[in-house]
Amino acid sequence: MSQQRHSRRSSKQKSKKRSSKGLSTWQKVLLAIGGMILLVGLVLGGIGAYWISTAPELTDKDLTGTIASTIYDKDGNKVYETSANERIIVDEDSISEETFDAVTSIEDRRFLSHGGFDLKRIISSAIANFKAGGISQGGSTLTQQLVKLSVFSTKESDQTYKRKAQEIWLATQLEDRLDKQEIFEYYINKVYMANGIYGMGTAAEIYYGKPLNELALNEIATLAGMPQAPISYDPYHNPEQAEKRRNDVLHAMLTNDKISQDEYDEAVEKPIDEGLESLENFQQTEDENNLMLDSYIQQVADDVEAEGYDLYTDGLEVYTHLDTDAQKNVYETINDNDGLLFPDDKLQAAASVLDTDTGHIVALVGGRQYNDMLSLNRASNLERSIGSSIKPFSVYGPAIEFLNYSTDSSVVDEKHKYSSGMEIYNWDRQYKGMMTLRQALVASRNIPALKIIQQIDDEVGMEKVDEFLKNVGINLNNGDGIYESNALGGEATPLVLSAAYATLGNYGQYNEPKAVDHFVTTEGEEISVKGKSEQAMTDSTAYMVTDMLKGSFTDGTHGLLGPYHTSGLNEAGKSGTTNFDDDQLAEMGLPEDAVPDSWMSGYSTDYALSIWTGYDNPTDTSEKNYLIGSDRQIAGQLYQSIMGYLANNSSNEDWQRPDSVHEVPLEFGAVPTKFATSSTPSSRRITGLANAKLYDDYVNNRQQTVETTSSVPAESTSESSDNEMSHSSQSSQQQTSSSQSESMTESDSQSDASSEVEESSEPATEPEQPEAPQSETPERPEAPQSETPEQPETPTPSPEVPATEQPQPNRRSNANTNQPVN
């Protein structure tokens with residue numbers, strides 16, 4: 001019995017061994033892989049089922065309606081809709097075979113054979129996307145594109161696998177509801193075709209003046225290529241890109257056996273503009289209100305695009321910062337339909353109005369006397385030299401920020417040269433001698449500006465100037481650094497310049513200008529639009545430069561902008577004019593006082609405004625393309641009119657001096673800067689604004705003077721104090737200049753000093769110390785002046801230098817300096 005049991009157990013064990021040997025290793029691996037695939041398939045299937053269940057509903061209204069965007073002003077009033085015309089709907093009878101072949105060849109060759117999605121294209125796109133690490137190719141069929149245009153956004157970040165799955169699902173459902181011809185008709189009637197035009201039938205009538213089924217092959221190819229990127233392939237505004245795209249369509253038709261080689265060769269030889277109608281014929285019917293908004297709408301489109309959306313195809317509800325009344329005023333003022341300011345309609349102008357506190361774009365006009373939408377927006381896109389308008393940002397702001405200058409430090413306006421040895425001239429070809437920085441800025445003197453930027457370069461480097469400029473949104477020389485000539489000019493747009501001046505008016509806080517506050521997508525998502533916001537400079541620098549620039553309007557002796565001041569308005573500002581060099585004047589045969597550009601910028605606590613005037617082609621000599629005489633005053637006149645209007649809606653508050661700004665007594669004519677003492681003659685004693693660092697120097701020096709007085713015998717006090725004033729960081733040239741300035745007699749400096757004393761609107765708050773010795777306080781190393789050590793041949797002149805001294809015979813400086821007239 002036991003032997004039988006043992007025999008049965010042995011038999012079972014052998015059976016188990018034979019059974020375990022029945023699955024080989026590779027079979028086990030295959031089973032494991034199969035199980036994993038099944039599991040992954042179940043998971044993916046579950047995810048896919050969830051995505052499909054959350055797909056939006058696709059209705060007939062979605063298919064027929066255009067996905068136009070609506071724009072609202074700051075008060076919530078509807079002001080514009082991107083669908084600028086009534087669509088011409090085309091049906092089967094109006095669609096030629098060539099139109100069908102052109103569209104399907106470039107967009108979806110297997111349109112007639114797939115069921116809504118093209119598996120082959122999806123696989124090839126998936127491979128490309130895998131290599132790219134994201135969705136780089138969509139592989140969408142025409143049906144999928146129709147779905148996307150009807151219920152989804154075109155935002156790049158929305159090109160997700162979930163969206164693709166929903167797109168494919170809805171496309172297959174649509175193929176079950178409609179036949180191919182109906183789907184094709186919906187598609188070509190819905191696509192955006194640039195210039196506010198939706199549908200190929202509408203584009204055919206407007207662009208070529210005939211029905212879609214009467215277009216030539218080259219014309220059909222042009223339209224068929226546009227839906228993928230309508231703005232880029234617009235034959236009116238981007239003809240080169242449009243021609244390349246048209247030829248791509250023709251090549252696709254050739255390789256798809258839809259046209260012959262001869263037909264292809266003939267069509268590609270056609271100019272892209274052949275047969276195009278003038279857009280003016282269509283856009284003369286544009287509502288004047290739309291033309292008034294054109295530049296602003298373009299900026300709105302840019303803001304929306306920066307967020308990854310398309311204003312013209314995504315059906316957005318866009319809420320902006322537009323002040324419609326202000327926009328209308330700027331538009332009408334610049335258009336000057338009565339001809340009160342502009343000599344002709346070719347002379348152009350552009351203006352940007354910002355909210356000083358927020359940087360919001362209140363109004364934007366990019367040109368005058370235009371009749372079509374999407375005209376050149378010079379306010380946002382035209383970079384021209386801004387002349388002396390740059391001086392607050394390339395010279396005076398950095399001098400205060402990095403070298404701790406006072407608003408009323410002294411500088412000499414005298415014969416001077418660039419470091420290259422080339423001479424520099426003032427706009428009036430004169431020298432004014434000793435001046436304060438305040439006077440030099442508002443009088444727009446070129447030589448003091450060059451001296452100061454050279455001093456900045458010596459002390460901290462041009463990189464600091466570049467940093468200062470970039471902080472307020474001004475990028476010069478394609479990022480290649482800053483040059484001495486940038487003390488007098490550099491390129492910017494009116495929009496960029498107005499943002500820089502708004503920074504001064506906002507106590508140094510820079511806000512990137514934006515037209516859009518927020519927008520709502522078709523799916524109900526609200527997208528906020530916020531630009532960069534940062535402290536670009538100290539509040540003391542901004543306030544001190546603003547305090548100086550207020551004198552542009554109110555200083556009757558030195559200021560140049562008094563005629564453009566709005567009475568009672570607290571405003572600050574600066575003009576700018578560029579020039580032709582001597583060679584250009586001679587070559588083009590222009591008058592000596594002809595200039596290409598005139599600028600005017602100013603700001604209050606509420607608004608910042610920058611205006612440019614000039615001709616689009618200033619070097620074209622076939623007719624007058626330059627400013628001369630009263631032309632050069634137009635920018636200022638426009639500024640006064642617009643700012644005067646804005647003042648009616650302003651609080652007109654003045655800037656409040658921050659705690660970081662102090663008043664200090666200074667000695668006029670001292671280069672480098674010296675603080676005034678009880679021994680300083682009243683005729684040379686002035687009051688200047690100082691930042692915290694300069695004020696600390698003043699307090700410390702005053703304390704040192706008190707200590708010196710208490711420890712040094714009276715007969716040696718003056719000598720000791722004089723020794724303390726010499727600092728090792730000052731060059732021998734600066735000491736020489738200082739000595740020469742000290743030698744001024746009271747009668748020599750009476751005129752300039754008196755003028756400066758009268759200019760100071762507030763008395764010095766620092767009382768004189770009776771303990772102070774009858775000598776001057778030590779020189780401060782933190783604020784070296786603009787008399788550069790490298791120029792020993794040009795020491796600070798005595799006040800006997802006549803204010804009207806005439807310059808050298810050479811009429812203008814080298815063109816490479818871009819030296820402005822004022």
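Reply: Below we go through the sheet, the aromatic pairs and a few backbone details.

Me: What kind of model is it, and how are residues numbered?
Reply: It is a predicted model, where local features need pLDDT of at least 70, side-chain atom pairs count only at pLDDT 80 or more, and totals for chains, interfaces and linings use all residues. Residues are numbered from 1 along each chain as its sequence is written, and side-chain values use heavy atoms, with hydrogens and water left out.

Me: OK, sheets. In what order do the five strands of the open sheet come?
Reply: The order is E5-E4-E18-E17-E16, with antiparallel pairing. Strands here are DSSP runs of E with at least two residues, helices are runs of H or I with at least four, and both are numbered from the N terminus. Two strands pair if DSSP finds at least two bridges between them.

Me: Which strands sit at the edges?
Reply: E5 (361-365) and E16 (572-577), each of which pairs on one side only. On average, neighbouring strands of this sheet are turned by 5 degrees against each other, direction ignored.

Me: How many bridges between E17 and E18?
Reply: Seven, joining E17 (residues 597-603) and E18 (residues 607-614) in the antiparallel sense. Gly602 stands opposite Leu609 in E18.

Me: Which strands does helix H25 lie across?
Reply: H25 (residues 634-647) lies across E4 (348-355), E16, E17 and E18, and runs at about 155 degrees to E18. Helix H22 (residues 539-549) lies across E16 and E17, at about 70 degrees to E16. Contact means heavy atoms within 4.5 Å; axes are lines fitted to C-alpha atoms, for helices over the stretch in contact, with angles from 0 to 180 degrees between N-to-C directions.

Me: Switching to rings. How many aromatic pairs are there?
Reply: The structure holds 16. Rings of Phe, Tyr and Trp (its six-membered ring) pair if their centres lie within 6.5 Å; planes under 30 degrees apart count as stacked, over 60 as edge-to-face and the rest as tilted. Take Phe111 and Phe184: their centres are 6.4 Å apart and their planes at 55 degrees, so that pair is tilted.

Me: Where do Phe111 and Phe184 sit?
Reply: Phe111 is in the loop between helix H4 (97-107) and helix H5 (119-132), while Phe184 is in helix H8 (residues 180-190), 73 residues apart. Both Phe111 and Phe184 are buried (under 20% relative accessible area with a 1.4 Å probe, protein chains only; exposed is over 50%, partly exposed in between).

Me: And why is the pair of Phe553 and Tyr639 called stacked?
Reply: Because the planes of Phe553 and Tyr639 are at 20 degrees, with the ring centres 5.9 Å apart. Phe553 lies in helix H23 (residues 551-554) and Tyr639 in helix H25, so the pair ties together parts 86 residues apart in sequence.

Me: What charged end sits over the ring of Tyr425?
Reply: That of Arg429, 3.9 Å from the ring centre. The rule is NZ of Lys or CZ of Arg within 6 Å of the ring centre and within 35 degrees of the ring normal. Arg429 also has a positive phi of about 60 degrees although it is not a glycine. Arg429 is buried, with a relative accessible area of 10%.

Me: Last one: where's the cis peptide bond?
Reply: Between Val671 and Pro672, with omega about 5 degrees. Pro672 lies in the loop between strand E19 (662-667) and strand E20 (685-690).
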